[in-house]
Amino acid sequence: MSPQAARGWCSGRPKDLILLRVVIPPRAALVAATPFTNGGVVSVRQGEDVQSFIDKLRPRQPAREPGPVSAAFCWRLATQALDLESFVALVARHACEHCACSGAELRLGTPVSQSAIVDGSHLVLLLGNGRGSLRLQFAGSAELQRLAAADLDWAWIDYVDLRFGELLNQQSLQLELEATRDNEHLQRALYEIADLAFSDIDLAQMLQRVHQVVARLTYAENLYVALYDEGRDVMYFPYHADTDDPSAADAGQELAAADYPSSLTFAVLHSGQSLMGSSAGLREQLGLSEDERLGPDCVDWLGVPMLEGERVRGAVVIQSYDDDRRYSAHDRDLLSFVAQHILSVVTRKQHQDQLEAEVQRRTAELGEANRSLRAEVNERQRAQKLQATLYHIAELASERTGIDAFYVGVHEAMSELLNAKNFFIALLASDGAQLEFPYYVDEHDELMPRRLKSKGLTELVLDRKAPLLATESELRRLSDSGEIIVFGTRPKCWLGVPLMLDEQVLGAMVVQSYIDESDYGQIEQEVLQFASFHIATALERKQTQERLRLAHVELERRVEQRTEALRLVNQDLRDEIVVRERIESQLKHEAFHDALTGLPNRASLLARLSDLLRRFRKHPDALFAVLFLDLDRFKVVNDSVGHLLGDELLIEAGRRLAACVRDPDSVARLGGDEFTILLERIDSVDDACAVARRVLDAFHDPIRLEDKEIYTSASIGIALAHPRYSLPEELLRDADVAMYRAKTHGRQRFELFDEQLRLEALNMLDLESDMRRALKRREFEPFLQPIVRLNDGAIVGYEALLRWRHVSRGLLLPADFLSVAEESGNVEQIDWQIYEQVFRSIPELGESQAYVGINVSARHFRSANLTKTLLEMLRAYQVPPWRVRIEVTEGALLHNPEQACATMLSLRDAGVLTSLDDFGTGYSSLSYLHRFPLHSLKIDRSFIAELGEDLSGSSAAVVRAIRALAGSLGMEVIAEGVETVVQRDALRRLDCSLGQGFLFALPRPAEELSQA
């Protein structure tokens, strides 16, 4: 058997492979055939057992004792049958000579499942455990009868079987060894190709090395690699080596398929299948014409595609111009396998080159971004520094320190923002005719004495009620003209701003420099002016606190004298009680009592509740109740006065609660500011309500902690025993729900848990279900309310307000369902439905220059796709971006300020401006106005509602401050909730030009405005 045939047999041979067939001419001595009718299996003669005859012929293990004929034949098998070819020839010859058969056939594979006589004249014997068979052909059944009757030596069959198995095993081992060597060479080549991808050489050199590796696997003297761009249908050759075609294309030259329709390489790239054969034969097979530009014809041409999934990325081609060098299917499979690794190497090398180029580009971009970021960081740091200073001033106003310490703190705070080495505060005396200087720090002059108002620079600021920035030359001009009188040393630069509260001038705050005329500029003036509003408010508060402090000091001195004796007695008694309680309940407190308050803890409460529930199930008349109590605003108190005083507050609260109950009722602390009262024996719910009222009354009086009086209250939830409770945790849960209901209804009250609370929870679920159905039915619609100029009433824009036209409940306002939409995540879908309807109606509005403001919820504003989707919708409805403005609240900017700023910038660049809605009700932080690209502020309706004709009160001051702040930043101001003519006229006097409210128009459906 040739190596090729053996390799084919090992890798996937047919079921029956005939190794050798020998035919002997029939002899005249043979008996004529007798017909047999037993289904193809021969009956030898009457009375003869066919199976016993076949058993004589079947190979045995161990081998039977050989006779002389078999012994001689075995010796020939051992010495002459060295391979399968000599073995089958020797066996066939011996079978024909010894058994007088007319033909013999040795096969790999078995046509039958066991040794048998078939077709009446053929004897089939299984060999090698079924791996082969020996088929002996006789002249007819008479010959088989003679063999059955003859006493022949059949031991040679056993040795044929043994030798056949040995040769097959030997052949298999040899083939496995050759396959292992081939795989080892291929694996080593693939490793070498993979290593080339991480080398520092360029692509051409790398492919040259790959060529050398492929040449060790097969004949590849002529090889080229083609890379393919499927989108443009072009290819180029990063590597080309051909002995008979030295004029190959350049590595960077691209060849288009349309220019080379007869290219075999393009045929491989387009079909994604390999081609093998002579170049002329392949062209004839594919119906291609000859093209001299493609080089000379070759004897054998083999091209395989480089595939990335279903996509063809290129091809690898080898050619032979020698008749003795031709390619086989094995070479094709090998090259196809290697081609995929070449593609991986080329792709990795290209990606590496692209990555290096991308890294260089990104490095340059990051450098530019870093420079921009530094500038932005500096601006943000300045804004944060200003904000921190304002917070510090507010803290100074709330601290219980003297007025002098407040002035020092203000000076230190202003020194953080600008050059305030020379700083003073001047205040008008109560008679308004004199100036006093409660704080004066100057490097040249001593403390400025109190004086009558004259022509000083400070008086000029007070009279004008406006800031004054003057350089040395300006001061000299004013002094020479007699407009001012300079008190003290003349500075190089002087900056003063008025301290105003409710249009009333309290005084002035001044900084001055003796070194450089340019020490102060417009930025320093804006900072000082903005800080002056906060300082004036803080100064007024501080002065009030100072007057109260002096009054309290005198009162406390008198009370202290009278109560000193009683305090000493009470202290002794309290100490004695504490010592006794500590000794009596030390062990119990460790396991079942709170360490801070000494009250029973959660474990103790749950154990007692379990006992009461068991008693209640046995005796339903043994009614009891749980009061779940939470201190209102405890976190604010804790954060303001500190945790130590917060603990003292909890201890005192526990004492007051304990004083409100009787035995065997008990008070427990669950943790934090949560307490419970367990009423073990009550007659009705009225008893529990009476205890809750006593608790609320107990917190009416302030709690004194050190030198502070703390006022607190409680919200209480009550749950009564009921057969539905099986666990104590369920009773606590319902009491907790009732407590939160009390907080929702205004705090400092109690609520009883009833089925109404359960129904409210169910109603919330129903509302959410209705909302999802409403989204499908498109029941949400926009109502437009105009924004007008206050001077002439002209409409400049609209605000789109959300309404839900509920099927059964009628028209709902956002307050009825917006919180549920936020919690359920449906608010974004509602917004998009509203936006779509608004954009559809904008082109049909009567005012062609009016814009429409759309409200963007905080949850929706955090979406990364908001800008892209919004602009796509504007383009779809052909709405100019300037006709749409988005309105956001301060809460929408808190979650991710960086993302919010980026979103607003991208919208502004596209033409969509941003308004800050409800300004003044949140943090109202200056940092928002500096950091975010806002176009306008909308003053909350709560400030507009309190405006009067005389512009007195805090609301007018807030509106005035917001208007001044927005004006300095170039922002538009819109007043919301204008409902009366008095409010409109007040806004005009406050220089507010735009407004919206019921005074001008009620919100109307967008469709009605479009039809109008």
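Trainee: What should I know before reading the model?

Mentor: The model is predicted: local features need pLDDT of at least 70, side-chain atom pairs count only at pLDDT 80 or more, and totals for chains, interfaces and linings use all residues. Residues are numbered from 1 along each chain as its sequence is written, and side-chain values use heavy atoms, leaving out hydrogens and water.

Trainee: What is the mean pLDDT of the protein, and where is confidence lowest?

Mentor: pLDDT is the predictor's confidence in each residue, from 0 to 100. The protein's mean is 81, with 89% of its residues at 70 or more. Confidence is lowest in helix α1 (residues 3-12), at a mean of 34, and highest in strand β33 (residues 994-995), at 94. Across residues 1-16 the pLDDT is below 50.

Trainee: In which order do the 6 strands of the open sheet stand?

Mentor: Strands of a sheet pair through backbone hydrogen bonds, either parallel or antiparallel. Helices (H or I, at least four residues) and strands (E, at least two) are DSSP runs, numbered from the N terminus, and two strands pair if DSSP finds at least two bridges between them. Here the order is β14-β13-β12-β17-β16-β15, with antiparallel pairing. β14 (451-452) and β15 (468-471) each have a single partner strand, so one side of each lacks a neighbour in the sheet.

Trainee: How many bridges join β16 to β17?

Mentor: There are 9 bridges between β16 (residues 493-501) and β17 (residues 504-513). Cys493 has Ser513 as its bridge partner, and Pro498 stands opposite Ala508. The hairpin of these strands has 2 residues between them, and Asp502 there takes a positive phi near 55°. β17 also pairs with β12 over 6 bridges, where Phe423 is partnered by Val511.

Trainee: Is β17 mostly covered or uncovered, and what lies across the sheet strands?

Mentor: Buried means under 20% relative accessible area, exposed over 50%, and partly exposed in between (1.4 Å probe, protein chains only). In β17, 9 of its 10 residues are buried. Helix α14 (residues 522-584) lies across β12 (422-428), β15, β16 and β17, at about 40° to β16. Axes are lines fitted to C-alpha atoms, for helices over the stretch in contact, and angles run from 0 to 180 degrees between N-to-C directions.

Trainee: Which residues does Leu418 contact?

Mentor: Contact means heavy atoms within 4.5 Å. Leaving aside neighbours within four places in sequence, Leu418 touches Val511, Glu524 and Leu528. Leu418 is buried, with a relative accessible area of 10%.
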